[in-house]
Amino acid sequence: MTAKKSKLLAKTESGPDNPYLLLTPGPLSTSPSVRAAMLRDWCTWDDDYNQLVQSIRRRLVSLAAAKPDGYTSVLIQGSGTFCVEAVISSAVPKDGKLLVLTNGAYGDRIAKIANVHGIPMARMAFGEMEPVNPDSLAEKLEQDTAITHVAVVHCETTTGMLNPLEQMAHAVKRFNKILIVDAMSSFGGIPLDAAELGADFLVSSANKCIQGVPGFGFVIAKTASLEACKGQARSLSLDLYDQWETMEKQGGKWRFTSPTHTVRAFYQALVELEQEGGVGARNKRYADNQRLLVEGMEGLGFSCLLPARWQSPIITSFRYPDHPEFRFETFYERLKQAGFVIYPGKISQAETFRIGNIGEVYAEDIDRLVQAVKASMYWR
């Protein structure tokens, strides 16, 4: 081994330090052990790897429901949106009709997916700064009996809004409709029970509250609802039923090349979630992060976009300071130099920026962030 190669290998094994903390809704800052899990190569046909996939699938179902009988899970390559599209394009039959509830960019994206696939659709828009109204939902379902499926976003990270999932689910199931829950940025970080909700499909991603890295997403579904998708897919690679059937019959095998390194990192992230104390403990850490963040930012003169009663512990939107010299790009770069990366705003009704509270982030990190924000307020 040459001296140059030996030096490179040593650097790889120790792992590079991250130059900043990601305070975004995913990808997010991960633990060193999650990143280290990606240092081994895996064969997609190997039984050890496929057993790892099967273990992940079982763990996901157990996380999703206290009584998981009747539920299953399937992993899909790509970002979380790939999984959302797989569900929408596979679950709604040709004679079905989808109702999409929107109050941000991710509800709008579901509607766009339906339009691209030519799926009959109704849409209820509640504005970017209001939660979904379950009473209005119930009225819509009573009026439009052609609706067969309803898609809702639990945590709308456009603003940080936490929609009333339990009440929405109750309305949907009262009318015996198929319920599709986009729990992209909430699953694993906010307690929920898919069985109690009656959710037919629940979608999330590896790089959110489980604290893995990007590369795949997953769908947790009622087995009967997933079996009903057979032959309905409008896409080959996003055929939800076919992907699930292959994993079931071939013991964890994916139809097409799987993101092996990401899968191994996700397994490690699931272990670390259990070690932390489960979803309840992680939710408490996120909520504490969010509370400390708001207290610190408000102490510096910033104001939150949403009232506290609608705010999730996932990500928080702050209004721009009312000062002619404030420029988000300048503020962003100063914080980045100080070791923190935040998110721009995403709504049309107000000028905002966003700060995530999830990932490998703790109270001391929030304290350091608030001090960095104070030092970066060049406009004062």
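Begin by selecting Leu 99 together with Ala 122, because in this predicted model Leu 99 stands opposite Ala 122 in strand 4. The two strands to display around this pair are strand 3, which covers residues 98–102, and strand 4, and they pair in the parallel sense over five bridges.

Now widen the selection to the whole sheet, which is open, has seven strands in the order 2-10-9-8-5-3-4, and shows mixed pairing. Strand 2 and strand 4 (121–125) stand at its edges with a single partner strand each, so one side of each has no neighbour in the sheet. If you look along the strands, you can follow how neighbouring ones are turned against each other, by 20 degrees on average when direction is ignored.

**The nonpolar cores**

Which residues have the most contacts inside the largest nonpolar core? Select Ile 88, Leu 98, Leu 101, Phe 187 and Val 219, which have the most contacts in this core of 83 residues. Helix 11 (residues 260–276) gives the largest share of the core, namely eight residues. A second, separate core has 25 residues, including Leu 293, Cys 304, Leu 335 and Leu 369. As background, nonpolar side chains tend to be buried together in soluble globular proteins.

Return to Leu 101 and show its surroundings: leaving out residues up to four places away in sequence, Leu 101 touches, among others, Met 124, Phe 126, Val 150, Val 152 and Met 168.

**Helix 10**

Move on to residues 240–249, which form helix 10; seven of its ten residues are buried, so this helix is largely enclosed by the rest of the structure. The buried ones to colour are Leu 240, Tyr 241, Gln 243, Trp 244, Glu 245, Thr 246 and Met 247. They pack against helix 3 (47–64), strand 2 (71–77), helix 4 (80–91), strand 9, strand 10 and helix 9 (223–227). At the N-terminal end, Asp 239 caps helix 10 with a side-chain oxygen that lies 3.2 Å from the backbone nitrogen of Tyr 241, and after the helix comes Gly 251, whose phi is positive, near 65 degrees.

**Thr 260**

Select Thr 260, a residue of helix 11, which counts as buried because its relative accessible area is 8%, under the 20% cut-off. Apart from neighbours within four places in sequence, Thr 260 is in contact with Trp 42, Thr 44 and Tyr 49. Thr 260 and Tyr 49 are 211 residues apart in sequence, yet their C-alpha atoms are 8.1 Å apart in space. The side chain of Thr 260 also makes a polar contact with that of His 261, at 3.3 Å.

Most residues other than glycine have a negative phi, and most peptide bonds are trans. With that in mind, select Asn 176, in the loop between helix 7 (165–174) and strand 8 (178–182), where phi is near 60 degrees. Is Asn 176 buried or exposed? Asn 176 counts as exposed, at 68% relative accessibility. Gln 211, in the loop between strand 9 (201–205) and strand 10 (216–222), has a positive phi near 75 degrees, but this residue is buried, with a relative accessible area of 4%. Finally, go to the loop between strand 1 (21–22) and helix 2 (32–36), where Pro 27 lies, and find the cis peptide bond that joins Gly 26 and Pro 27, with omega about 0 degrees.

Conventions
Residues numbered from 1 in each chain as written. Predicted model: local features only at pLDDT ≥ 70, side-chain atom pairs only at ≥ 80, totals over all residues. Heavy atoms only, no water. Core = buried A, V, L, I, M, F, W, Y, C linked by side-chain atoms within 4.5 Å. Buried < 20%, exposed > 50% of the residue type's maximum accessible area, 1.4 Å probe, protein only. Helix = DSSP H or I, 4+ residues; strand = E, 2+ residues; numbered from the N terminus. Contact = heavy atoms within 4.5 Å. Polar contact = N/O pair within 3.5 Å; in protein donor to acceptor, adjacent residues only side chain to side chain. Pairing = 2+ DSSP bridges. Axes fitted to C-alpha atoms, helices over the stretch in contact; angles between N-to-C directions.
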